Amino acid sequence: MNGTMEEKHKRRVHYSGKYPKKFEEKYKEQNPEKYADTVAHVISKGSTPAGMHISIMVKEILEVLKIEPGEQGLDCTLGYGGHTRKMLEELKGSGCVYGLDVDPIESKKTVERLRDAGFDEDIFKFRLINFANIDKVCEETGKFDFVLADLGVSSMQIDDPKRGFSYKIDGPLDLRLDPEHGESAAERLHNITRDEFVGMLIENSDEPYAEEIADKVFSLMKKGDAMDTTTALRGAIESALWKVPKEEKKDAVKKSCARVFQALRIDVNSEFEVLYSFLEKLPGILNPGARVAILTFHSGEDRLVKKSFKALYKEGIYSEISEDVTRPSAEEQRINPRSKSTKLRWAVKA
């Protein structure tokens, strides 16, 4: 009888140890929708399931965008597609949303996910393009009635060791949103000077130990360390903070690692340049009365958005802008800790 039951129900492969050792072995990451109970359990503990992205501030964004059936919208950073799906649902089958992304790996999965959910080419269209080029997209599509730009890195990218976004997991020091083009973070480190690295850490992430970290990283590379893995960089950062009191070191290392990886990611992907270009071109792709929502995740991004919105409001290009930022609720921050640094700003085209 047992043999018959096993033939009918093939058991999930059991992995030794408390946690699977390889990302590819984590069953819930391969198909989060299939393992809803596992995902719900992880979320209930205040964690984000590896390989899955929880969309941030969905309710607040929809309140800002005020989407009506028949309108044309733009999601500048498709990611996992959670925001896009909610916007598509608001259209109630009439209208269109264009989704943009530079990540050829994750965007392919997201498009398939949205197609499987019933959103065909008539209502959802995808373009593999950087949102710095929204003017080129607009030449093809015409102007938009609502626009969302979520500037955060998707959890799928962070949780995949092969992408090198997380200092918590060993992997190649890459950090490119589009791994098929440009320099990796490891290559970037070997092509800049020690002083340029210090400037990068200060300008991109306000790193207080920029000098010490740069000294250690470049000293190790001079001795032959390739500094080409996330673990190698984390080790260098930990060594650089040797003067920090023992009781404070663990937290200091964690925060510095997050800031250093952020600074490198911003540099490798030219994120400030991309955002500046987007903000400059944004008014030109909007219909009168169009609504814009932008999610930022660190002070540098927020400053650029705030400055742009205020300047264009004074010029009469925007009829309304958010007076202050909107943040995730305490409950959302508890459920999704990765939302804690999020700020939402919005504008309405005159």
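**Reading contacts and burial in a predicted model**

Colleague: Which residue does the Arg85 side chain meet in a salt bridge?

Modeller: Start with the general idea. Side chains of opposite charge can pair when their charged atoms come close. Here the partner of Arg85 is Glu89, with 3.5 Å from N to O. Glu89 is partly exposed too, at a relative accessible area of 36%.

Colleague: Where do Arg85 and Glu89 lie?

Modeller: Both belong to helix α5, residues 82–91. They are 4 residues apart, about one turn of the helix. An α-helix has 3.6 residues a turn, so residues three or four places apart point the same way.

Colleague: How far apart in helix α6 are Glu106 and Lys109?

Modeller: They are 3 residues apart, which puts about one helical turn between them. Their salt bridge has its closest N and O atoms 3.4 Å apart. Look at the accessibility of each partner. Glu106 is buried, with a relative accessible area of 6%. Lys109 is partly exposed, at 41%.

Colleague: What does α6 reach from its first C-alpha to its last?

Modeller: The helix spans 19 Å with 13 residues. At 1.5 Å a residue, 18 Å is expected, and the span is close to that.

Colleague: Back to charges. How many salt bridges does the count come to?

Modeller: The count is 19 salt bridges. Take another case, Lys281 and Asp135, whose side chains meet at 3.3 Å, N to O. Lys281 is in helix α14 and Asp135 in helix α7, so this pair ties together parts 146 residues apart in sequence. Lys281 counts as partly exposed at 24%, and Asp135 as partly exposed at 27%.

Colleague: Which residues do salt bridges that share partners join into one network?

Modeller: Arg194, Asp195, Glu211 and Asp215.

Colleague: Now rings. How many aromatic pairs does the count come to?

Modeller: There are 4 aromatic pairs. To classify one, read the distance between centres and the angle between planes. Phe131 and Phe278 have ring centres 5.1 Å apart and planes at 75 degrees, so this pair is edge-to-face. Next, see where the partners sit. Phe131 is in the loop between β3 (124–128) and α7 (134–141), while Phe278 is in helix α14 (residues 271–281). The pair links distant parts of the chain, 147 residues apart. Both Phe131 and Phe278 are buried.

Colleague: What angle lies between the planes of Phe197 and Phe218?

Modeller: The planes are at 45 degrees, with the centres 6.0 Å apart, and the pair is tilted. Phe197 comes from helix α10 (residues 194–205) and Phe218 from helix α11 (residues 210–222). They are 21 residues apart. Each of Phe197 and Phe218 is buried.

Colleague: Charges can meet rings as well. Which residue lies over the face of Tyr80?

Modeller: Arg113 does, at 3.8 Å from the ring centre.

Colleague: Last topic, cysteines. How many disulfides does a search of the whole structure find?

Modeller: First the idea. A disulfide is a covalent bond between the sulfur atoms of two cysteines. In this structure the search finds 0. Then check burial, cysteine by cysteine. Cys76 counts as buried at 1% relative accessibility, and Cys96 counts as buried at 7%. Cys138, in helix α7, is buried with a relative accessible area of 13%.

Colleague: How far apart are Cys138 and Ile285 in sequence and in space?

Modeller: They are 147 residues apart in sequence. In space, the distance is 6.0 Å, C-alpha to C-alpha.

Notes:
Residues are numbered from 1 along each chain as its sequence is written. This is a predicted model: local features need pLDDT of at least 70, side-chain atom pairs count only at pLDDT 80 or more; totals for chains, interfaces and linings use all residues. Side-chain values use heavy atoms; hydrogens and water are left out. Rings of Phe, Tyr and Trp (its six-membered ring) pair if their centres lie within 6.5 Å; planes under 30 degrees apart count as stacked, over 60 as edge-to-face and the rest as tilted. Helices (H or I, at least four residues) and strands (E, at least two) are DSSP runs, numbered from the N terminus. Buried means under 20% relative accessible area, exposed over 50%, partly exposed in between (1.4 Å probe, protein chains only). A charge sits over a ring if NZ of Lys or CZ of Arg is within 6 Å of the ring centre and within 35 degrees of the ring normal. A disulfide is a pair of cysteine sulfur atoms within 2.5 Å. A salt bridge is a side-chain nitrogen of Lys or Arg within 4 Å of a carboxyl oxygen of Asp or Glu. The expected span of a helix is 1.5 Å times one less than its number of residues.
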